[in-house]
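Keep the structure open as you read.

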Amino acid sequence: MQKSLSAHHNNNFNFLRLLLAVLVLLSHSWELIDGNRNREILTRIFHTISLGELAVDGFFLISGYLILQSWQRNPTFHIFLKKRILRIYPGFIAASLVSAFVVGPLAATTDYFAEFSLFRFLKSLVLLQPPSVPPVFSGQPYPMVNNSMWTISYEFRCYLIVAAIGICGLVGRRIWLSFSALALVLALSPGFATHLAKISWVLVGEPAAFSRFLSFFFVGGCFYLFRDRIHYRFTWVLVTMP
């Protein structure tokens, strides 16, 4: 049987990640100047979604594909969790340390370390939140350090959901497709996600973001589970182009 493209790394996932990262940078470049997003390319066209939002959704789509693949290759909870922690935390900790102890002091307009709270910083580190630091970049539209890290906690939540579903033995095509449908309904029903957030903010986070990212993540998992039925044809690319 022929191996899937993702099995032997003969794929374009790295290129797609690079492309999506560039789109995020491009999208934010206008807004960071004065806080006005209306000049952003996709926002000007559709007046709704931006290139940055589209790119983040793409990241979760790819993640759903690869993380579900990782679980199916080795459906052992402690091994899966170890891999996910090693995938997320080292880079996140490094970025947080640079943000808090290099960029932060350089961008501060007050006595930075006198106001710095080690407890709040460590809490943001453990919960995969943007670095909790004293005020920086005073007078700028976004006076914060590396706030783009806010999506990482939702990524990790999706990892835990895959592990929970896998432990229950529910990683099958039909069941996963049902979960994906529920995730899409959740994304279209923000009120329900708000009730989930009341139960536990740590598990859900911001309701609208959680439901949105979860739906893309599950759809990415569908692409993995139904990969043998998806035909890679250039003609379909032309059909999907606007």
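The structure holds 0 disulfides, a disulfide being a pair of cysteine sulfur atoms within 2.5 Å. Bear in mind that this is a predicted model, where local features need pLDDT of at least 70, side-chain atom pairs count only at pLDDT 80 or more, and totals for chains, interfaces and linings use all residues. Residues are numbered from 1 along each chain as its sequence is written, and side-chain values use heavy atoms, with hydrogens and water left out.

Cys-158 is buried, at 2% relative accessibility, while Cys-168 is exposed, with a relative accessible area of 56%. Here buried means under 20% relative accessible area, exposed over 50%, and partly exposed in between, using a 1.4 Å probe and protein chains only.

Cys-158 is one of the buried residues of helix 7, which also include Tyr-154, Phe-156, Val-162 and Ile-165. Helices are DSSP runs of H or I with at least four residues, numbered from the N terminus. Helix 7 covers residues 152-167 and reaches 23 Å from its first C-alpha to its last, close to the 22 Å expected; that expected span is 1.5 Å times one less than the number of residues. After helix 7 comes Gly-169, with a positive phi near 70°.

Now find Ile-161, also in helix 7. Ile-161 is partly exposed, at 23% relative accessible area. Beyond its neighbours within four places in sequence, Ile-161 is in contact (heavy atoms within 4.5 Å) with Phe-210, Leu-214 and Phe-218.

Key
Helices (H or I, at least four residues) and strands (E, at least two) are DSSP runs, numbered from the N terminus.
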